[in-house]
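Open the model in your viewer and colour it by chain. The stops below say what to select and what to look for there.

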There are 2 protein chains.
Amino acid sequence: MIASHIHTALGIDFGGTSVKFGVVQGHDVIDRVPPIATDDYTEPAPLIDAIARVIEDLRARHPSITSIGVGVPGFVNFRTGTIHNLTNVPGWVKIPLREILHQRTGLPVTVENDANCMAYAEWKQGAGRGMEHLVCLTLGTGVGGGIITHGHLLRGAQSVAGEPGQTSINYQGRKGAYGNLGSLEDYIGNNEIAADARDHYLAKGYERSITDCTPAALATAASEGDQIAIEIWQNIAAKLATAALNACWLLNPEAIIIGGGVAKAGAVLFDPLKENINSQLAAAFSENLQILPAAFSNDAGLIGAAALSLEEADNSPPLA
Amino acid sequence: MIASHIHTALGIDFGGTSVKFGVVQGHDVIDRVPPIATDDYTEPAPLIDAIARVIEDLRARHPSITSIGVGVPGFVNFRTGTIHNLTNVPGWVKIPLREILHQRTGLPVTVENDANCMAYAEWKQGAGRGMEHLVCLTLGTGVGGGIITHGHLLRGAQSVAGEPGQTSINYQGRKGAYGNLGSLEDYIGNNEIAADARDHYLAKGYERSITDCTPAALATAASEGDQIAIEIWQNIAAKLATAALNACWLLNPEAIIIGGGVAKAGAVLFDPLKENINSQLAAAFSENLQILPAAFSNDAGLIGAAALSLEEADNSPPLA
């Protein structure tokens with residue numbers, strides 16, 4: 001690849017607790033600055049000001065930045081760049097973030113759901129490169145995802161498609177954030193895993209603190225042979241498999257890609273996951289299906305947001 | 001529309017018990033012949049011979065037929081036209097039906113899953129006309145479906161996408177045909193509805209024969225005010241809603257279209273279905289979502305198969 005053809009984009013990963021910034025070339029984050037803590041801002045306007053100041057600083061250091069991509073934790077209308085609402089950031093309702101940042105910077109800006117950004121990174125640069133049909137899940141405090149069909153990121157009618165974490169694994173299950181019953185996120189989100197694990201240990205006669213029941217602690221315990229922890233991961237895998245299977249029956253993807261902090265558990269999660277999926281699919285669906293860990297880790301959101309902004313900038317008419 | 005522009009195609013609807021034939025122009029079936037009973041044939045070859053004879057007769061009556069579309073009840077590789085297997089017709093494994101019928105007739109032939117044909121009919125001519133993102137379900141002995149994303153029928157990696165009937169509504173539920181747990185079909189297929197309804201009446205102290213528990217009988221009872229039948233439909237609606245919701249969270253469609261015999265129940269099914277869906281979706285998904293009965297009834301498969309064959313014939317290079 002010729003260096004002069006590598007574009008530079010600014011990726012912004014707007015999380016529940018912090019806003020991260022990275023200067024991205026291809027799949028490399030070539031520069032970063034300390035994140036902004038969202039808790040320091042009670043309203044959108046001053047937080048947007050702070051974001052705009054960081055953008056200004058980074059552009060001064062990298063005049064080659066040609067576009068800005070923002071990933072946000074919530075529902076966003078990709079076409080207009082207006083945020084419907086952010087799940088864990090109060091006050092961010094109906095904010096036309098794309099328009100605001102474009103006005104401030106003069107650069108092309110894209111605003112997309114954060115998990116869609118991760119899926120985009122995996123599809124363009126990571127474990128799902130070159131695939132036409134792909135399902136990504138990202139497992140953390142929340143459970144998100146992104147879908148590729150017909151070789152395009154699937155956005156759907158209101159550009160909010162790709163929410164496997166909200167799909168149900170039990171029609172009479174726990175009531176979720178939107179009144180939805182039995183959503184995957186309400187069973188295998190970080191906090192739900194820890195709470196259920198503590199209950200599972202207790203039912204077996206062991207008291208564990210919640211900090212000894214985090215996914216990271218459970219992964220260590222399982223890999224050291226703790227039978228209860230192994231059972232807990234089998235239960236998590238069975239639940240995750242059901243949501244993945246539902247996506248398979250609907251979409252017949254080439255791969256299911258699993259990322260996010262919980263996926264770092266590795267074999268204790270992936271082995272029973274693959275077993276559950278392969279034993280519950282017709283051969284026509286399973287014989288060519290790949291179940292893969294994500295290629296990117298914490299930077300997937302930054303890389304995907306940046307890549308998305310470059311593609312959109314290329315496809316848009318030049319700015320006035 | 002100018003009459004000379006209306007093409008004529010032969011639609012063939014290959015069902016679990018019979019093979020139906022219709023000469024199709026647009027959304028009109030202009031001629032039909034008696035169906036062939038699949039039970040009369042224990043092997044594929046003589047049944048294919050019988051189908052080929054009917055095709056010959058119909059082409060003699062309608063020389064304007066320019067293509068043949070076949071819908072089959074099972075998994076088929078659309079690109080090659082080879083049937084993986086048919087759910088309820090023994091012996092139909094790895095049959096290259098498209099190639100066989102093309103050799104016999106010299107016409108362009110398409111072979112597609114029957115529920116995909118129905119979805120295609122609804123999308124091209126029916127309740128989902130002009131939509132870019134659409135989910136169809138068809139409720140009968142089996143539960144099938146078809147999906148439109150990005151303005152194309154979604155086939156996926158092995159061209160077997162679009163099976164909402166196999167998606168799970170309970171990760172610990174009944175074991176289905178593919179080892180899959182809690183599939184929708186195993187709760188709201190015709191026979192499962194009847195068996196569960198008989199149990200439901202019995203639990204309330206009433207003995208009902210299975211023939212008094214068919215979806216048609218239950219619909220009549222519910223519309224006449226039978227409280228138990230109304231409850232049964234509410235249960236069916238809750239289960240169907242979960243599968244429909246899962247498709248919505250993943251695909252963000254413009255509409256969910258419900259067809260097939262069970263959908264003829266009308267308001268006793270659709271009212272609680274809409275209530276369940278709207279109370280379990282984020283506003284960004286539900287505010288523009290339509291939940292619609294299918295426009296076509298028994299002829300959806302014929303019309304869709306015929307329409308699909310015309311489109312493919314138009315898009316293919318001319319035959320030698």
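Predicted model: local features only at pLDDT ≥ 70, side-chain atom pairs only at ≥ 80, totals over all residues.

Two strands count as paired if DSSP finds at least two bridges between them.

**Stop 1**

Select strand E6 (residues 82–86) of chain B together with E7(B). These strands run antiparallel and are joined by 2 bridges, so the pair meets the cut-off of at least two. To find the pairing on screen, show B:Ile83, which has B:Ile95 of E7(B) opposite.

The selection is an open sheet of 3 strands in the order E5-E6-E7, with antiparallel pairing. Which strands stand at the edges? They are strand E5 (74–77) and strand E7 (93–95) of chain B; each has a single partner strand, so one side of each has no neighbour in the sheet. From one strand to the next, the twist averages 20 degrees.

**Stop 1: a hairpin in chain A**

Move to chain A and select strand E5 (residues 74–77) and strand E6 (residues 82–86). The two pair in the antiparallel sense over 4 bridges. A:Val76 is placed opposite A:Ile83 of E6(A). Together E5(A) and E6(A) make a hairpin, with 4 residues between the strands. Pick A:Gly81 in the turn: its phi is positive, about 75 degrees.

**Stop 2: the five-stranded sheet of chain A**

Stay in chain A and select E1, E2, E3, E4 and E8. These 5 strands form an open sheet in the order E3-E2-E1-E4-E8, and the pairing is mixed. Strand E3 (28–37) and strand E8 (109–113) of chain A are at the edges; with a single partner strand each, they have one side left without a neighbour in the sheet. Direction ignored, neighbouring strands here are turned by 20 degrees against each other on average.

Strand E2 (residues 18–25) of chain A runs antiparallel to E3(A), and 7 bridges join them.

- Helix H1 (residues 44–61) of chain A lies across strand E1 (8–14), E2, E3 and strand E4 (65–72) of chain A, and runs at about 150 degrees to E3(A).
- Helix H3 (residues 114–124) of chain A lies across E1, E4 and E8 of chain A, and runs at about 100 degrees to E8(A).

**Stop 3: H6 against H7 in chain A**

Select helix H6 (residues 215–223) and helix H7 (residues 227–251) of chain A. Their axes come within 7 Å and cross at roughly 120 degrees, which makes H6(A) oblique to H7(A). The crossing is left-handed.

Turn on the side chains at the contact. H6(A) contributes A:Leu218, A:Ala221 and A:Ala222, while H7(A) contributes A:Ala229, A:Ile230, A:Ile232 and A:Trp233.

**Stop 4: H5 against H7 in chain B**

Switch to chain B and select helix H5 (residues 190–203) with H7(B). The two axes come within 10 Å and cross at roughly 135 degrees; H5(B) and H7(B) are therefore oblique to each other. H5(B) passes H7(B) in a right-handed crossing.

From H5(B), show B:Ile193, B:Ala197, B:His200 and B:Tyr201; they meet B:Ile228, B:Ile232 and B:Ile236 of H7(B). This contact has 6 nonpolar, 1 polar and no charged residues.

**Stop 5: where the chains meet**

Show both chains. In the interface, 45 residues of chain B are in contact with 45 residues of chain A. Strand E10 (143–149), helix H7 (227–251) and helix H9 (283–286) of chain B each supply at least two residues of the side that touches chain A. H7(B) gives the largest share of that side, 9 residues. By class, the side of chain B that touches chain A has 22 nonpolar, 20 polar and 3 charged residues.

**Last stop: the axis**

Terms used:
Residues numbered from 1 in each chain as written. Chains lettered and ligands numbered in written order. Axes fitted to C-alpha atoms, helices over the stretch in contact; angles between N-to-C directions. Parallel < 35°, antiparallel > 145°, perpendicular 65-115°, else oblique. Left-handed = near helix turned anticlockwise from the far one by under 90°. Contact = placed C-beta atoms within 7 Å. Nonpolar A, V, L, I, M, F, W, Y, C, P; charged D, E, K, R; others polar.
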